[in-house]
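Look at the model below before reading on.

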Amino acid sequence: MNQMKRTRVGGKWVLTVVLSIVFASWGWGQKSAPRIFLVRHCEKALESTDDPNLSDEGKRRAERLAYLLQSAGIEEIFSTATRRTMQTGEPVARAAGVSIKNYDVKNNSLATDLKNISRTTLVVCHSYNLAELLKALTGRTDITPSDDYGELFMVTFTPNGAEVAKFHF
């Protein structure tokens, strides 16, 4: 039976499923089963710049992401160098005690590098490269991220191929 609790995060009440129970079947918390989490950056501020910061709602959502991933064992974080992606990953990096490594969206080797990684990793994406990365990691074309903020994808590699779970936060 799933255990549920209400937790106040970022000024909102969020119904949170106890992660250790729900994700146990995917090897959550086990070092032998590295996972790759992929997320689009959170809501950006309406600023007249090519590199906007996160909005207040985006900052709250980034804190919720950190809360949800606190028991995931994040060991590495990749982000583009834009403010909105970096600010999405920063609360997770603080909680996990790791630094954020920048990647270039135009460099197609990220998916290959991620397939060979043995650490549980978070990749903060843009809307336009999230679907591309999911396809490159899994070989599947039926996974289509929506335009909504707050989708979190977890890719786990098994002997039978890549498994994908999708969550909303």
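Q: Which residues line the second largest pocket, and what makes them lining residues?
A: They are Tyr 103, Asp 104, Val 105, Asn 107, Asn 108, Leu 110, Ala 111, Asn 129, Glu 132, Leu 133 and Ala 136. On a 1 Å grid over the protein atoms alone, a pocket is an open set of points with protein on both sides within 12 Å along at least five of seven lines, and lining residues have an atom within 4 Å of a point. Each listed residue therefore counts as lining. The model is predicted: local features need pLDDT of at least 70, side-chain atom pairs count only at pLDDT 80 or more, and totals for chains, interfaces and linings use all residues. Numbering starts from 1 along each chain as its sequence is written, and side-chain values use heavy atoms, with hydrogens and water left out.

Q: What is the volume of the second largest pocket?
A: About 150 Å³. A volume is the space filled by probe spheres set on the grid points, which are joined across faces, edges and corners.

Q: How do you know that S7 and S8 pair?
A: Two strands pair if DSSP finds at least two bridges between them. S7 and S8 have eight bridges, in the antiparallel sense, so they pair by this definition. Leu 152 stands opposite Phe 167 in S8, and Phe 157 stands opposite Ala 162 in S8. A hairpin through two residues joins S7 to S8.

Q: Why do S5 and S8 count as edges of the sheet?
A: The open sheet has six strands in the order S5-S4-S6-S3-S7-S8, with mixed pairing. Strand S5 (100-102) and S8 each have a single partner strand, so one side of each is left without a neighbour in the sheet.

Q: What makes the largest nonpolar core a core?
A: A nonpolar core is a set of buried (under 20% relative accessible area, 1.4 Å probe, protein chains only) Ala, Val, Leu, Ile, Met, Phe, Trp, Tyr and Cys residues joined through side-chain atoms within 4.5 Å. The largest has 20 residues, and Phe 37, Leu 69, Ile 74, Val 92, Leu 122 and Leu 152 touch the most other members. A second, separate core of 17 residues includes Phe 78, Tyr 103, Ala 111 and Cys 125.

Conventions:
Buried < 20%, exposed > 50% of the residue type's maximum accessible area, 1.4 Å probe, protein only. Helix = DSSP H or I, 4+ residues; strand = E, 2+ residues; numbered from the N terminus. 1 Å grid on protein atoms, 1.4 Å probe; cavity = no way out; pocket = protein on both sides within 12 Å on 5 of 7 lines; lining within 4 Å.
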